[in-house]
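Student: I am new to this structure. Could you take me through its interior, closely and step by step?

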Amino acid sequence: MTMITNQFVNDWVKEMAELTKPEEIIWIDGSEEQLEAIKQDALATKEMIELNQEKLPGCLYYRTKPTDVARDEKRTVICTRRKEDAGPTNNWVDPQEMYDKMGKLFDGSMKGRKMYVIPFSMGVVGTEFSKIGIEITDSIYVVLSMAIMTRVGKDVIDALNAGADFTKCLHSKADINEQEKYIAHFPEDNTIWSINSAYGGNVLLGKKCLALRIGSYLGKQEGWMAEHMLILKVEKEGEEPKYVCGAFPSACGKTNLAMLTPPDYFKEQGYKVSTIGDDISWLRIGEDGRLYAVNPENGFFGVAPGTNMKSNPNAMLTTMKGTIFTNVARNLDENTVWWESMDKNPPANGEDWLGNPWNGPEAEVKGAHPNSRFTAPAANCPIIANEFATGEGVPISAIIFGGRRAKAEPLVYQAKDWNHGVFIGSAMASETTAAANGQVGVVRHDPMAMLPFCGYNMAEYFQHWIDMGKRMTNPPKIFHVNWFRTDENDKFMWPGFGDNLRAILWMLDRCDGKIGAESTPLGLAPKKGDLDVTGLDLSDEVMEKLFAVNKADWEAEVEGIQEFYDKFDSLPVELTDALANLKSEIEAL
């Protein structure tokens, strides 16, 4: 029985039910009793496996089909009435054509199944940052994951009954047929349709679909920004806290940075780091002319392999209860989970992510898929900041752009001004990882880490950044980092992880005007001795290599940026001028 009195909502749900033809409709109210009953259904049908409830209370195991393990960018489309509004970096399909094509696939797709209707909010209901959606799905995995990743409950229902606008999200796993899989966004209709996938990145429609693709479009219309960014709080005892946003492509250490543990050297000085968000930021200009950010999500959807008590102890502790693990290996003796680099004790009596018997110490294949995931409540995180719960937004001092680059990019540098920072973000490139289908290790341009997530023409997106800068009287300073620079033996030169705080503290000192910087062709770099490397075994030679700007490498970079820019009919003059300046400065080296 519906608890919604909003006729527009009920009419839309009825229309979708007539299309998909479920045997039953269940409205999700977010109550523990209801979610527990639905979980029991998933266990009965073996859609999910309950893990060891003593060691991992409330935790579940979920497995997708081998062909359905990552975001599928080729099957992700933006459907605007004019092709140019989607731009050259998106897959465009005419909206009516896509509605017709997917309508045929949705027709009867839920026959014999239950339809779950999930009213949810991205952001805290009642704040100016909140956006409401309703996801219709036939997947219990989606129901239980959305209850972790978004805010589901009475507040959302009350807002809808009071007439709140909402994003219409329709999903069916249908036959999980990769040839007929589509993740379609209709920005002008505030609508998202997803079919024939059961992998989180394609089916948790509040996440990348609403919070970024539709969110970025709404942000342009309404004068705010939806960005693929973490939010970090840095405090020193007796001083005002500072807040930093950071944009990194998937699997480039973003969650590790968001949950950073300061080295002992900095802890002893009274430094403390807290997490507000690990993936998505919504940013608005405050009355004081500063940029304020919230994390619209309610949980973490993190990559499991490589996460361990050394690389990210806070993430490990976050996953110890109420978490859904996807496509990891399972220890059958203990009914617990395992993945590569979790520890040095893979289970001998195990099951790999495909469900095959797996003897870890002797196995020739990996136990977990490289893009296996954990979906965990943010409230579990030992260092979650108190500002996370308010949803009111925190003032951002610095924005960091960064990718995974073996050679060209230095450890850290600052943009000369806001528009130069937009140029640096637009020129960002990274080596590809397993988070998206396709070849791994290829350098691709990924502006602001938004290439797969910008819901409209990226040239207009760059212009929106420049326009936002004009409206701010006190904009954040913009920086670029690269934790992944390697030496001649392909070994990482920078220790990374908690030591990345050293670069952030230099940035914050720059924001406060406490230290100077050296001008380079790329921007403003730390002066010798200004980056605190106390306790690190880094020679002067290594430090020089970490900051070197190699002429040949950067001539190739300039060429690559130009090639990327050539995709667009027109770009803001601020960007093309910045590229011309960079080219002449590199030529002068």
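Tutor: A residue is buried when its relative accessible area is under 20%, exposed when over 50%, and partly exposed in between, using a 1.4 Å probe and protein chains only. This is a predicted model, where local features need pLDDT of at least 70, side-chain atom pairs count only at pLDDT 80 or more, and totals for chains, interfaces and linings use all residues. Residues are numbered from 1 along each chain as its sequence is written, and side-chain values use heavy atoms, leaving out hydrogens and water.

Start with Ile176. Its relative accessibility is 19%, so Ile176 counts as buried. Find Ile176 in the loop between strand 8 (167-172) and strand 9 (182-186). Helices (H or I, at least four residues) and strands (E, at least two) are DSSP runs numbered from the N terminus. Look for Asn335 in the loop between strand 19 (329-331) and strand 20 (336-338).

Go back to the loop between strand 8 and strand 9, which also holds Lys181. Lys181 has 1% relative accessibility, so it counts as buried. What does Lys181 touch, leaving aside its neighbours within four places in sequence? Its contacts (heavy atoms within 4.5 Å) are Thr67, Asp68, Asp72, Arg75, Ile195, Asn196, Ser197 and Asn202.

Now move to Asn308. This residue sits in the loop between strand 17 (299-303) and helix 11 (313-318). Asn308 has a relative accessible area of 14%, so it too is buried. Setting aside residues up to four places away in sequence, Asn308 touches Pro313, Met316, Ser341 and Met342.

Next come the nonpolar cores. Each is a set of buried Ala, Val, Leu, Ile, Met, Phe, Trp, Tyr and Cys residues joined through side-chain atoms within 4.5 Å. The largest nonpolar core has 100 residues, and Trp282, Ile399, Phe401, Phe423 and Trp465 touch the most other members. Helix 5 (residues 140-149) gives the most to this core, with 8 residues. Apart from it lies another core, of 35 residues, including Val244, Leu411, Met507 and Leu538.

Pick out Trp465. Not counting residues up to four places away in sequence, Trp465 touches Met225, Glu227, Met229, Ile399, Phe401, Trp418, Val422, Met448 and Ile478.

A cavity is a set of points on a 1 Å grid over the protein atoms alone where a 1.4 Å probe fits but cannot get out; lining residues have an atom within 4 Å of a point. Volume is the space filled by probe spheres set on the points, which are joined across faces, edges and corners. How many cavities of 30 Å³ or more does the structure hold? There are 4.

The largest cavity has about 120 Å³ of space. Its lining has 14 residues, with Tyr413, Phe423, Ala427, Trp554 and Leu582 nearest the centre. Helix 13 (418-426) and helix 17 (551-565) each supply at least two lining residues.

The second largest cavity has about 60 Å³. Among the residues lining it are Ile276, Ala293, Val294, Glu387, Phe388 and Thr390. Strand 16 (291-294) and helix 12 (387-390) each give at least two residues to this lining. Helix 12 gives the most, with 3 residues.

Terms used. 1 Å grid on protein atoms, 1.4 Å probe; cavity = no way out; pocket = protein on both sides within 12 Å on 5 of 7 lines; lining within 4 Å.
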